[in-house]
Amino acid sequence: GEGEGEGECVGLRIGLVLDLHYLQLAGSAFSLQTDWDPRELEAALEARTGGSVACRIACDSEPDADGKHGPGKARLHGRLAAAGYRLALSPSKAVSRTQGATDVDVACAMFEVAGAFSPSPCADVLALVAGDADFLPALRAVLQRPELRRAYVIAGAGAVSRRYRDAIAAEGRAALLSLDGLLGQMAPGVLDLRAGRRPRRSDGVADVEGVMDALEKAATAATANANANATANAAAANAAAAPPPLTLNLSGPGGAAWGDGEMAALVRRLVGRPAIAALLGELWVH
């Protein structure tokens with residue numbers, strides 16, 4: 001949940017296990033895909049929990065051997081290796097056309113963090129970035145280790161079933177953390193108002209004015225950050241500060257309904273507030 005994990009791991013070591021294909025899909029809502037810095041993800045996690053990442057494992061499939069597909073994946077693997085991640089790569093699945101790591105790779109990485117293959121665990125806390133309920137038996141197994149103080153499942157909004165959510169909550173030392181909250185810190189130019197995050201009026205209808213208020217706050221923050229960066233950079237101090245364009249994401253089922261009427265109302269408000277409209281680079285509605 002949004003409030004879970006806040007400062008719970010001060011002084012504790014975190015073992016971070018990434019299901020990279022899942023993370024790529026979740027990151028697409030924030031225009032990240034494979035274009036993100038592992039250090040930013042770790043910084044967001046450490047700021048949330050108070051712990052420090054001590055061991056790192058990233059699970060994925062190998063890039064295609066011919067190099068024609070997945071160059072972004074290969075570059076991400078290089079950044080992860082440079083940041084100290086052990087890459088657990090399964091063979092390329094070009095024949096089956098499936099992507100990502102096998103569940104076995106991810107489960108073995110969880111056991112590795114918990115110390116199943118060494119005299120002691122490499123961390124006090126497991127942080128698993130994956131949304132698949134198939135990992136619940138492995139989660140329960142690693143929590144049998146008394147040395148493992150805490151376990152977090154880090155997943156995106158709407159990616160975790162109610163049954164899996166309840167099962168995580170039932171484990172005394174496990175909790176669900178919002179991946180969207182971490183990705184949002186890594187992509188400050190993306191305003192995530194998908195599904196349940198869409199502002200809602202008291203009558204249950206989507207609040208177009210609330211969307212505009214959120215967009216105005218994001219535009220103000222982006223402009224302030226651009227000005228601060230320009231001031232801090234002597235080479236750019238005399239240049240006009242140009243904030244990066246914003247992406248407004250209103251996609252996804254659930255939450256207050258967003259239809260043609262709300263879209264038309266939003267366009268009218270943007271036309272009437274050109275300073276905000278000028279900072280909007282992309283609008284996602286699907």
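This is a guided tour of a predicted model, stop by stop, with what to select at each one.

**Whole chain**

Start with everything shown. The chain holds 10 helices and 9 strands. Colour by accessibility next. Of the 286 residues in the chain, 46% are buried.

**Stop 1: helix H1**

Select residues 20–27, which form helix H1. How many of its 8 residues are buried? The count is 6, and H1 is mostly covered. Pick out Leu20, His21, Tyr22, Leu23, Ala26 and Gly27: these are the buried residues of H1.

**Stop 2: H2 against H7**

Two packed helices are described by the angle between their axes and the distance between the axes. Select residues 38–49 for H2 and residues 179–186 for H7. The two pack at an angle of about 125°, and their axes are 9 Å apart. Angles from 65 to 115 degrees count as roughly perpendicular and those over 145 as roughly antiparallel. The angle therefore makes H2 oblique to H7. Their crossing is right-handed.

Now show side chains. On the H2 side, select Glu40, Leu41, Ala44, Leu45 and Arg48. On the H7 side, select Leu182, Gln185 and Met186. These two sets meet. The residues of this contact split into 5 nonpolar, 1 polar and 2 charged. Look along H2 while the side chains are on. An α-helix has 3.6 residues a turn, so residues three or four places apart point the same way.

**Stop 3: the disulfide**

Select the cysteines. A disulfide is a covalent bond between the sulfur atoms of two cysteines. How many disulfides does a search of the whole structure find? It finds 1. The partners are Cys55 and Cys122, with sulfur atoms 2.2 Å apart.

Cys55 sits in strand E2 (residues 52–61), while Cys122 sits in the loop between helix H4 (103–113) and strand E4 (125–129), so the bond ties together parts that are 67 residues apart in sequence. Are these two cysteines buried or partly exposed? Cys55 has 12% relative accessibility, so Cys55 counts as buried. Cys122 has 27%, so Cys122 counts as partly exposed.

Cys59 is in no disulfide. From Cys59, the nearest cysteine sulfur is that of Cys108, 8.8 Å away. Cys59 is buried, at a relative accessible area of 0%. Move on to Cys9. Cys9 is also at 0% relative accessibility and counts as buried.

**Stop 4: Lys73**

Select residues 71–82 for helix H3, then Lys73 within it. Is Lys73 buried or exposed? Its relative accessibility is 14%, under the 20% cut-off for burial. Lys73 therefore counts as buried. Show its contacts, leaving aside neighbours within four places in sequence. They are Thr34, Asp60, Ser61, Glu62 and Pro63.

**Stop 5: Glu147**

Go to the loop between helix H5 (136–142) and strand E5 (150–155), where Glu147 lies. At 36% relative accessibility, Glu147 counts as partly exposed. Beyond its neighbours within four places in sequence, Glu147 is in contact with Pro121 and Asp124. Glu147 and Gly115 are 32 residues apart in sequence, and their C-alpha atoms are 8.8 Å apart.

**Stop 6: Gly189**

Gly189 counts as partly exposed, with 22% relative accessibility. Which residues does Gly189 contact, leaving aside neighbours within four places in sequence? The contacts are Pro245, Leu246 and Thr247. Then draw a C-alpha to C-alpha distance to Ser31. It reads 9.3 Å, although Gly189 and Ser31 are 158 residues apart in sequence.

**Stop 7: Ala195**

Finish in the loop between E7 and helix H8 (208–232), at Ala195. Check the backbone torsions. Ala195 has a positive phi of about 45°, although it is not a glycine.

Technical notes
Residues numbered from 1 in each chain as written. Predicted model: local features only at pLDDT ≥ 70, side-chain atom pairs only at ≥ 80, totals over all residues. Heavy atoms only, no water. Axes fitted to C-alpha atoms, helices over the stretch in contact; angles between N-to-C directions. Helix = DSSP H or I, 4+ residues; strand = E, 2+ residues; numbered from the N terminus. Parallel < 35°, antiparallel > 145°, perpendicular 65-115°, else oblique. Left-handed = near helix turned anticlockwise from the far one by under 90°. Contact = heavy atoms within 4.5 Å. Nonpolar A, V, L, I, M, F, W, Y, C, P; charged D, E, K, R; others polar. Disulfide = S-S within 2.5 Å. Buried < 20%, exposed > 50% of the residue type's maximum accessible area, 1.4 Å probe, protein only.
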